[in-house]
Amino acid sequence: MSRRVTVVSGGSTPERNVALAGAAKVVDALQEGGYVVTVVDTIFGELSKEDEATLLIPTVSRTPPSAEEVAEWQTRDLGTRLAELPAVRDTDLVFLVLHGRQGEGGEIQALFELSGTCFTGSGPLGSAIAMDKDVAKRLMRLAGVPTPDWVMCPATAEQVTELGFPLVVKPSKAGSTVGLSVVESSQELDTAIETAMAIDDEVMLERFVTGREFTVGILGDRALAVGEIIPQHAIFDYECKYTPGMSQEIFPAHIPESLASDVRELALQTHNALKLRDFSRVDFMVHDDGTPLCLEANTLPGLTATSLLPQSAQAAGIGFGELCETICHLALTRATAGNKVET
């Protein structure tokens with residue numbers, strides 16, 4: 001008998017379109033793997049095949065949605081009613097393809113955990129920890145994982161001076177570099193903070209690190225291939241992430257095995273320190289002096305045509321279909337083990 005999988009996607013965050021693009025690929029992969037797949041949008045509920053054809057577009061526009069669009073989506077979000085939908089309540093597994101605070105911040109994970117729904121990825125605690133960059137970086141430091149220096153707003157002039165310019169200004173609980181700015185002087189700081197505050201109520205100021213950017217996927221208890229990201233812009237921003245040709249992504253990275261091994265080990269340390277499970281993607285800057293510095297961990301990394309986790313997996317010999325199958329297997333195995341303990 002085929003397993004029933006409900007792909008929950010969309011969301012009411014600035015990364016809604018990224019999630020839907022990833023869902024398009026996941027749905028195809030799961031159907032090819034023999035799963036019976038239903039798609040649920042957190043705004044529109046269960047989608048018809050006609051709705052899927054309209055919404056599940058495998059490409060992402062070069063710019064994020066407007067604040068007005070996001071605000072409108074938020075007024076229509078199903079919230080806790082999501083767990084009551086038959087497609088969610090009666091499925092064998094929910095495969096989460098969501099991004100941003102609403103999808104990755106632990107709220108939807110808590111909803112499904114409380115309703116007894118089996119779902120993919122990290123639980124409520126790990127999701128919330130990783131989404132809060134301030135808390136995550138504190139735990140990284142405690143676990144011995146180097147990360148760039150930072151302060152939270154409001155910051156004093158002395159703290160800003162100590163961090164120096166250029167300076168990264170970003171929402172503490174958002175992804176896809178939405179609301180992120182790199183400022184060159186104190187004159188630009190207020191505008192950058194306002195931009196970030198439009199996304200989140202907490203803003204981080206982080207030391208800008210010069211060097212090379214790397215990423216590595218985690219699947220189960222295994223670190224996959226390390227990849228190097230070379231964006232056309234000064235940073236790996238929204239446009240570079242989701243526009244083909246706007247960045248060079250090299251998997252596996254052309255680096256000494258000793259460095260690749262260090263990055264993989266630090267990625268696993270980060271994954272475990274933040275209490276993540278099943279899969280994640282961990283991003284690094286390697287400073288000009290050779291020191292790897294962890295930027296952040298992504299609990300529900302992108303699964304679009306240009307996303308980094310599938311590339312990391314592919315370079316490790318794991319195709320997209322196998323990646324999705326493994327994610328399902330990890331979640332279903334965990335649920336089965338939990339049921340055995342309870343009985």
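Author: Contact means heavy atoms within 4.5 Å. This is a predicted model, in which local features need pLDDT of at least 70, side-chain atom pairs count only at pLDDT 80 or more, and totals for chains, interfaces and linings use all residues. Residues are numbered from 1 along each chain as its sequence is written, and side-chain values use heavy atoms, with hydrogens and water left out.

Reader: Which elements cover the buried residues of α7?

Author: Helices (H or I, at least four residues) and strands (E, at least two) are DSSP runs, numbered from the N terminus. Buried means under 20% relative accessible area, exposed over 50%, partly exposed in between (1.4 Å probe, protein chains only). Helix α7 (residues 124-131) has 6 of its 8 residues buried, so it is largely enclosed by the rest of the structure. The cover includes α5 (100-104), α6 (107-114), α8 (133-142) and β13 (292-298).

Reader: At roughly what angle do the axes of α7 and α8 cross?

Author: Axes are lines fitted to C-alpha atoms, for helices over the stretch in contact, and angles run from 0 to 180 degrees between N-to-C directions. The axes of α7 and α8 come within 5 Å of each other, and the crossing is at roughly 100 degrees.

Reader: Is Ser 9 buried or exposed?

Author: Ser 9 belongs to strand β1 (residues 4-9). Beyond its neighbours within four places in sequence, Ser 9 has contacts including Ala 19, Leu 20, Val 40 and Leu 98. Its relative accessibility is 1%, so Ser 9 counts as buried.
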